Structures are given as C-alpha cells and as structure tokens.
Amino acid sequence: MAITFNTDRLQGLEGTTINGVYCRIQSVTVKKYDNDPVSWSCLYDVVLHASAVKRNADGEYPQWPNRLRSPKIDHFTCDYDPTGDNPYQQAYLDLKGKLAAGGDPIATSIADA
C-alpha cells in the first residue's frame, strides 16, 4: 500500500509544490498503555520519495539517499482498534485523513498508488 499526493510542505522546499510525492509507511508499532486498560495506539513512520519511479532509482534501497524529508509528514500516532483491520491498514487510513485534514491541509490530490 502506498499513497501519492501533491504538497508544498517539504523541508527546505516550503512554498514549492511537488506533484506526485510517493509515500509509504515504513514501520508500524502497536502499543497498549498500562494506565488505561482500553487504550491502544498505533505509531507509524512514513517514507517519502519524489515519485514512485525514484523510490528505488540507482539502487538507493535500503539507504534511501534521495528521500524527501518533512517533520510534518514523517511520524504519526493514531488510536488503534484491535478488533478492526490490521495495523498497516488503519495507519494508511489515518495518514490519508491527516494529510487532508483541516482548513490548511498538508497535501492535496491524495490517491492510492
């Protein structure tokens, strides 16, 4: 599962719109908090590339020297429902919502890749 979107919020490139950013969730961690017996969270890290073609161009995997970085788009937390879908699917749904949220969204033209 991956997402493509347009954004102008990348570190060092603020104000410059980049179209077709390729985004995938690199890791998901599910955590149950002991102080609340029904509180589960899903913590996930996001990897960004300029496009789907560039995500593994020139043998960059696994070092990813050409990754795009943004402190607004690299790490998120959401509530996790252990009776629902798998954690990756819940994380992707949450990521789409967070990218498009609010009156000043992080991304536009969000689509599955």
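This is a predicted model: local features need pLDDT of at least 70, side-chain atom pairs count only at pLDDT 80 or more; totals for chains, interfaces and linings use all residues.
Start with the overall layout. The protein has 1 helix and 5 strands. Read from the N terminus, the order is β-β-β-β-α-β. Of the 113 residues, 32% count as buried. Contacts reach across the sequence: among those between residues at least 6 apart, 55% join residues at least 24 apart. The exposed surface comes to about 6700 Å², with carbon and sulfur atoms supplying 49% of it.

Now turn to the charged side chains. Side chains of opposite charge can pair when their charged atoms come close. The whole structure holds 4 salt bridges. Which residues are linked in a network of salt bridges? They are Asp 8, Arg 9 and Asp 104. Arg 9 pairs with Asp 8, with the closest N and O atoms 3.6 Å apart. Arg 9 also pairs with Asp 104, and here the closest N and O atoms are 2.6 Å apart. Arg 9 is buried, at 16% relative accessibility. Asp 8 is partly exposed, at 30%. Asp 104 is exposed, at 56%.

Another salt bridge sits within the helix. Lys 98 and Asp 94 meet there, 3.1 Å from N to O. Both belong to helix H1 and stand 4 residues apart, about one turn of the helix. Lys 98 is partly exposed, with a relative accessible area of 27%. Asp 94 is buried, at 19%, because the limit for buried is under 20%.

Last, the cysteines. A disulfide is a covalent bond between the sulfur atoms of two cysteines. How many disulfides does a search of the whole structure find? The count is 0. Cys 42 is in no disulfide, and its nearest cysteine sulfur belongs to Cys 78, 4.3 Å away. Cys 42 is buried, at 0% relative accessible area. Cys 78 counts as buried too, at 8%.

Key: Residues are numbered from 1 along each chain as its sequence is written. Side-chain values use heavy atoms; hydrogens and water are left out. A disulfide is a pair of cysteine sulfur atoms within 2.5 Å. Buried means under 20% relative accessible area, exposed over 50%, partly exposed in between (1.4 Å probe, protein chains only). Helices (H or I, at least four residues) and strands (E, at least two) are DSSP runs, numbered from the N terminus. Contact means heavy atoms within 4.5 Å. Accessible areas come from the Shrake-Rupley method with a 1.4 Å probe; for residues, only the protein chains shown count as cover. A salt bridge is a side-chain nitrogen of Lys or Arg within 4 Å of a carboxyl oxygen of Asp or Glu.
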